[in-house]
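Please consult the sequence and the structure shown here alongside the text.

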Amino acid sequence: MAIRQLSETLINQIAAGEVIERPASAAKELIENALDAGATRIEIATAGGGKALLRVSDNGSGMDAADLELAVRRHCTSKISETLEDIRTLGFRGEALPSIGSVARLSIASRKRDSAGGHEIAVTGGKIAHMRPAAANPGTIVEVRDLFFATPARLKFLKTEKAEAGAITEIVKRMAIAFPAVRFVLSGSDRTTLEFPATGDDHLARMAQVLGKEFRDNAIALDAVREEISLTGFAGVPTFNRGNSAHQYAFVNGRPVQDKLILSAIRGAYAETIPSGRYPVAVLSITLDPALVDVNVHPAKSDVRFRDPGLVRGLIVGAIREALARDGSRAATTGASDMLRSFRPGFQPNSQRPQGGWSAETSPSRPFQPTTGFGERPQASFDGLSMPTARAEPQFSPPSAPEPNARYPLGAARAQIHANYIVAQTEDGLVIVDQHAAHERLVFEAMRKALHSKRLASQVLLIPEIIDIPEEDCDRLMQHAAELSELGLAIERFGPGAIAVRETPAMLGEVDAHGLIRQLADEIAEWDTASGLSAKLEYVAATMACHGSVRSGRRLRPEEMNALLREMEVTPGSGQCNHGRPTYIELKLSDIERLFGRS
């Protein structure tokens with residue numbers, strides 16, 4: 001079969017299949033063009049989930065007639081020179097507009113700010129329909145109708161209008177977070193209007209617009225630099241988490257990305273602090289020399305490739321863990337809100353409304369009865385004990401003990417209820433602490449500190465285990481042999497394609513050396529790290545801490561409760577247990593007053 005040159009229309013349609021996967025892809029490309037043009041106001045309108053109509057209007061620099069004609073041709077761009085190593089704009093390849101025009105009805109009306117009039121160009125199915133003068137405000141209006149009408153087979157693979165509209169909303173949210181100085185408005189017949197007013201340099205205010213006002217109260221600032229790569233942004237406290245990863249946003253030199261290395265680093269940074277199936281909320285912005293990152297590895301520019309992925313991953317994990325250690329002992333403010341909701345009439349989270357209506361006997365707010373079933377005795381109160389107050393020194397405290405009072409962040413212990421929960425009074429409210437969860441975290445942190453302070457004890461194998469793996473995996477493992485030895489795993493080369501395991505960490509007990517080595521080899525191959533063994537050891541430490549902590553049902557003396565509160569205040573991550581559950585809930589005095597209708 002003879003080789004022939006494809007037509008320009010077919011070439012554009014093939015490119016459209018790579019660049020424009022769905023209406024949200026077209027919206028992303030058009031919004032990026034508006035931002036590159038210096039727009040401070042961008043309005044997006046849709047109909048039919050973006051399939052029937054997608055209109056993006058901006059007040060950017062605009063284009064003249066000559067620019068419009070070039071803009072709808074492939075590989076025409078004003079954003080790069082002759083190299084791909086210094087890309088500082090969101091778009092650069094010049095494929096978006098011709099790709100959209102080849103599969104849809106495209107019209108562009110634009111006017112330069114210093115021009116007396118504007119021009120309009122229309123492209124239908126890859127062919128220019130007309131080019132004429134037009135009345136237009138400074139800026140550009142791009143209108144896309146009947147997306148994929150020229151390639152109807154693509155329409156079969158699109159989702160429902162609601163799902164496609166939701167995908168466009170997500171694109172706008174990501175762009176809004178990345179550019180807080182730009183006003184975004186999203187409207188249309190298929191949605192309610194969504195507006196993000198410009199917040200200038202206040203990035204946290206824009207994040208609150210997108211992620212909810214609770215994020216402002218539960219976010220920890222990030223600011224770290226490592227070898228000319230800087231990381232800024234905000235990470236949510238561990239107890240402020242969600243059911244999926246949709247609330248994790250990452251930006252590289254201002255470009256929104258969904259890179260698996262960054263998402264994996266976020267997951268690793270929150271290890272042992274969030275329960276399985278829950279995801280942290282985080283907004284990360286990475287800034288580095290454009291020559292150190294390749295943004296041209298994916299047609300949609302959603303993935304990037306770093307020259308030193310291990311450095312970037314280490315920066316993210318280290319920055320988040322440092323922030324959590326510094327300020328992560330806070331519990332999420334949403335805990336108080338959930339608690340307040342539980343006091344509302346009719347709230348029954350785990351049961352059905354009783355048949356026959358409400359009564360004093362069935363009300364969840366009925367007075368507590370001191371008698372219990374199954375031969376149990378009601379819990380003894382603190383009567384007869386000299387209780388610590390929020391303002392006075394307790395008489396039972398040793399002379400060297402600190403004074404328990406409200407000036408401490410977690411206040412002074414006032415009571416223990418149901419032999420599991422400590423009630424403490426603070427200067428402006430009260431705190432309820434789960435004693436088992438809190439002490440579990442304290443024990444775990446102490447054990448983890450011991451893990452990293454010296455070489456871990458190892459057990460010598462009577463007969464070394466020989467593991468056959470590819471030679472390149474052997475090379476990677478031996479590069480990290482010293483690091484693995486510190487964790488109690490002693491390995492050495494055994495021929496070109498084998499590893500001999502001579503010692504394993506004593507803390508792990510009986511170990512599947514074959515599975516462990518292969519898992520470490522896979523991890524090092526992907527991330528160039530060997531953190532898997534360390535994670536296994538920390539998991540064991542967490543399990544031991546759970547069994548070695550203060551159990552539920554143990555009654556504590558007042559001085560023990562206050563000692564627990566003081567240790568929580570100085571321990572990183574004490575706001576949640578090893579399983580990610582909160583260790584305490586704080587109620588402000590204003591919250592309590594609302595319960596009684598006093599404010």
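I499 in β23 is the bridge partner of R493. The model is predicted: local features require pLDDT of at least 70, side-chain atom pairs count only at pLDDT 80 or more, and totals for chains, interfaces and linings use all residues. Residues are numbered from 1 along each chain as its sequence is written, and side-chain values use heavy atoms, with hydrogens and water left out. β22 and β23 (residues 498–505) pair in the antiparallel sense over four bridges; two strands count as paired if DSSP finds at least two bridges between them. Helices (H or I, at least four residues) and strands (E, at least two) are DSSP runs, numbered from the N terminus.

These strands belong to an open sheet with the order β21-β23-β22 and antiparallel pairing. β21 (458–468) and β22 (490–493) each have a single partner strand, so one side of each edge strand has no neighbour in the sheet. The twist averages 20° from one strand to the next. Helix α13 (residues 471–479) packs on this sheet and touches β22 and β23, its direction making about 130° with that of β22. Contact means heavy atoms within 4.5 Å; axes are lines fitted to C-alpha atoms, for helices over the stretch in contact, and angles run from 0 to 180 degrees between N-to-C directions.

## The four-stranded sheet

A further open sheet has four strands in the order β18-β19-β20-β24, paired antiparallel. Its edges are β18 (412–417) and β24 (584–588); each has a single partner strand, so one side of each lacks a neighbour in the sheet. Neighbouring strands are turned by 20° against each other on average, direction ignored.

Five bridges join β18 to β19 (residues 421–426), and Q416 stands opposite I422 in β19. Helix α17 (residues 558–570) lies across β18, β19, β20 (429–434) and β24, running at about 120° to β18.

## A helix pair

Helices α2 (residues 23–36) and α4 (residues 96–103) pack at about 140°, with their axes 10 Å apart. A26, E29, L30 and N33 of α2 make the contact with A96, L97 and I100 of α4.

## The chain as a whole

The chain contains 18 helices and 24 strands. Of its 599 residues, 45% count as buried, that is, under 20% relative accessible area with a 1.4 Å probe, protein chains only. Among contacts between residues at least 6 apart in sequence, 69% join residues at least 24 apart.

Note on methods: Buried means under 20% relative accessible area, exposed over 50%, partly exposed in between (1.4 Å probe, protein chains only).
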